[in-house]
Amino acid sequence: MFSPEGHKRAVELYLTTSMTAAEVVEHLGYPTSQCLERWLAKDPRHAGRMR
């Protein structure tokens, strides 16, 4: 399980770089891009969009 700080770090990295969800997950060592995609879906800045 990832901490709220870990969620925020992943979302911020995704939103502020040109990295894909898969690249962010690989960079941070998280198990799947689905985790990041769920966190992004809950972030109002993302507004349901995926790159």
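A: A residue counts as buried when its relative accessible area is under 20%, as exposed when that area is over 50%, and as partly exposed in between. The model is predicted.

Val 11 has a relative accessible area of 4%, so it is buried. The residue lies in helix 1. What does Val 11 touch beyond its neighbours within four places in sequence? The list is Leu 36, Trp 39, Leu 40, Asp 43 and Arg 45. Take Leu 40 from that list. Val 11 and Leu 40 are separated by 29 residues in sequence, yet their C-alpha atoms are 6.2 Å apart.

Helix 1 runs over 4-16. An α-helix has 3.6 residues a turn, so residues three or four places apart point the same way.

Turn to helix 3, which covers 33-42. Ser 33, Cys 35, Leu 36, Trp 39 and Leu 40 are its buried residues. They take up an arc of only 150 degrees around the axis, so they sit on the same side of helix 3. This buried set packs against helix 1 and helix 2. Ala 41 and Lys 42 are exposed on the other side of helix 3.

Leu 36 shows the packing in detail. Not counting residues up to four places away in sequence, Leu 36 touches Ala 10, Val 11, Tyr 14, Ala 21, Val 24 and Val 25. Leu 36 also belongs to the largest nonpolar core, which has 14 residues. Which members of that core touch the most other members? They are Ala 10, Tyr 14, Val 24, Leu 28, Tyr 30, Leu 36 and Trp 39. Helix 1, helix 2 (21-28) and helix 3 each give two or more residues to this core. In soluble globular proteins, nonpolar side chains tend to be buried together.

Asp 43 is in the segment after helix 3. Is Asp 43 buried or exposed? Its relative accessibility is 13%, so Asp 43 counts as buried. Leaving out residues up to four places away in sequence, Asp 43 touches Val 11 and Leu 15. Its side chain makes a polar contact with the side chain of Arg 45 at 2.8 Å. That pair also forms a salt bridge, with the closest N and O atoms 2.8 Å apart.

The side chains of Glu 12 and Arg 45 meet in a salt bridge of 2.7 Å, N to O. Glu 12 lies in helix 1 and Arg 45 in the segment after helix 3, so this pair ties together parts that are 33 residues apart in sequence. Glu 12 has 27% relative accessibility, and therefore counts as partly exposed. Arg 45, with a relative accessible area of 45%, is partly exposed. The salt bridge count comes to 2. Glu 12, Asp 43 and Arg 45 are linked in a network of salt bridges.

Leu 15 is another residue of helix 1. At 27% relative accessibility, Leu 15 counts as partly exposed. Leu 15 and Arg 45 are 30 residues apart in sequence, and 8.4 Å apart in space, C-alpha to C-alpha.

End with His 46. This residue is in the segment after helix 3. Its relative accessibility is 4%, so His 46 counts as buried. With neighbours within four places in sequence set aside, His 46 is in contact with Tyr 14, Leu 15 and Leu 40.

Notes: Residues numbered from 1 in each chain as written. Predicted model: local features only at pLDDT ≥ 70, side-chain atom pairs only at ≥ 80, totals over all residues. Heavy atoms only, no water. Helix = DSSP H or I, 4+ residues; strand = E, 2+ residues; numbered from the N terminus. Buried < 20%, exposed > 50% of the residue type's maximum accessible area, 1.4 Å probe, protein only. Contact = heavy atoms within 4.5 Å. Core = buried A, V, L, I, M, F, W, Y, C linked by side-chain atoms within 4.5 Å. Polar contact = N/O pair within 3.5 Å; in protein donor to acceptor, adjacent residues only side chain to side chain. Salt bridge = Lys/Arg side-chain N within 4 Å of Asp/Glu carboxyl O. Arc of directions from axis to C-beta.
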